[in-house]
Amino acid sequence: MSTSPRRPVFLNLVQIRLPIAGVVSIAHRITGVLLVVCTPLLIHWLARSLSGPEGFEAVRVELAGPFAGILELLGLWVLLHHLLAGIRFLLIDVEIGVDKPVYRYSAFAVLIAAPLLALLLLGALS
Amino acid sequence: MTRGAGGLRAWVLQRISALYLGLFVLYLLAHLLWDRPGDFEHWRDWVADPAVGIALMLFFVALLVHAWVGVRDLLMDYVRATAARVGLLTLLGIGLVACGLWALEVLLMARMG
């Protein structure tokens, strides 16, 4: 465990080339934290929408606002990335898609599919 | 230090809760896509339905377990100072339990309302 004082340290975030599976993994962590932070907001909406007809209408109007759409798109993207990357990790746990080409293609697919599905879902839901 | 949710048990809890959360989110999205409650009465009736109510409570339990293990793993990776780690874990625990109680209250009120 002795660390040489001259070991190379390379932390330039702009120049680090992370493998694509690494990007998915880090994003899984970041989206996980974002989802935890958003949980109180979710319960707040649930509480207000169930408080009575006025609360329900107020939440509906809030969610239909022009600015809300962008946040909903980002929220769906975060949720879908975490969900899809999570499914990928569960499959890798049971040794599906462990080998090189599939491992990289599935990471790529998660990165692409999450924002596309978020757009589609937002369109279908609003 | 990590009794209760350490090592293998945390790993298993994370995956079991993940399965439930994933399935429930898919069910919720399908419900919102094809059978969306258009007014307050339909929405409340859906939440007050015993099966949905139990599924929702399980959802919040799974969410809190999943969040606890996930954020705990992050803190163990990135926060090295013991005092800071224990402090943040305590805050996280209090916050998650508070969220759980709040959600429970909301769901019970919906059933009684």
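Trainee: How many residues does helix 1 of chain A have, and how far does this helix reach from its first C-alpha to its last?

Mentor: In this predicted model, helix 1 of chain A covers residues 20-49, a run of 30 residues. From first C-alpha to last the helix reaches 40 Å, close to the 44 Å expected at 1.5 Å a residue. The axis has a kink of about 40° at Cys38(A), shortly before the proline Pro40(A).

The buried residues of helix 1 include Ile20(A), Ala21(A), Gly22(A) and Val24(A). Also among them are Ala27(A), His28(A), Thr31(A) and Gly32(A), as well as Thr39(A), Ile43(A) and Leu46(A). An α-helix has 3.6 residues a turn, so residues three or four places apart point the same way. Within chain A, the buried residues of helix 1 pack against helix 2 (53-64), helix 3 (66-93) and helix 4 (100-125). They also pack against chain B, at helix 2 (40-48), helix 3 (50-78) and helix 4 (82-112).

This leads to the interface as a whole. There, 31 residues of chain B are in contact with 24 residues of chain A. The area buried between the two chains is about 2,500 Å², and carbon and sulfur atoms give 80% of it. On the chain B side, Phe40(B), Trp43(B) and Trp102(B) lose the most area to chain A, together 22% of what that side buries.

As for charged pairs, the count between chain B and chain A is 2 salt bridges. Arg15(B) and Asp93(A) meet through their side chains in a salt bridge, at 2.5 Å from N to O. Helix 1 of chain B gives the most to the side of that chain touching chain A, with 9 residues.

Definitions and conventions:
Residues are numbered from 1 along each chain as its sequence is written. Chains are lettered from A and ligands numbered from 1 in the order in which they are written. This is a predicted model: local features need pLDDT of at least 70, side-chain atom pairs count only at pLDDT 80 or more; totals for chains, interfaces and linings use all residues. Side-chain values use heavy atoms; hydrogens and water are left out. Helices (H or I, at least four residues) and strands (E, at least two) are DSSP runs, numbered from the N terminus. The expected span of a helix is 1.5 Å times one less than its number of residues. The bend at a residue is the angle between axes fitted to the seven residues ending there and the seven starting there. Buried means under 20% relative accessible area, exposed over 50%, partly exposed in between (1.4 Å probe, protein chains only). Contact means heavy atoms within 4.5 Å. Buried area is the accessible area (1.4 Å probe) that two parts lose on being put together, summed over both. A salt bridge is a side-chain nitrogen of Lys or Arg within 4 Å of a carboxyl oxygen of Asp or Glu.
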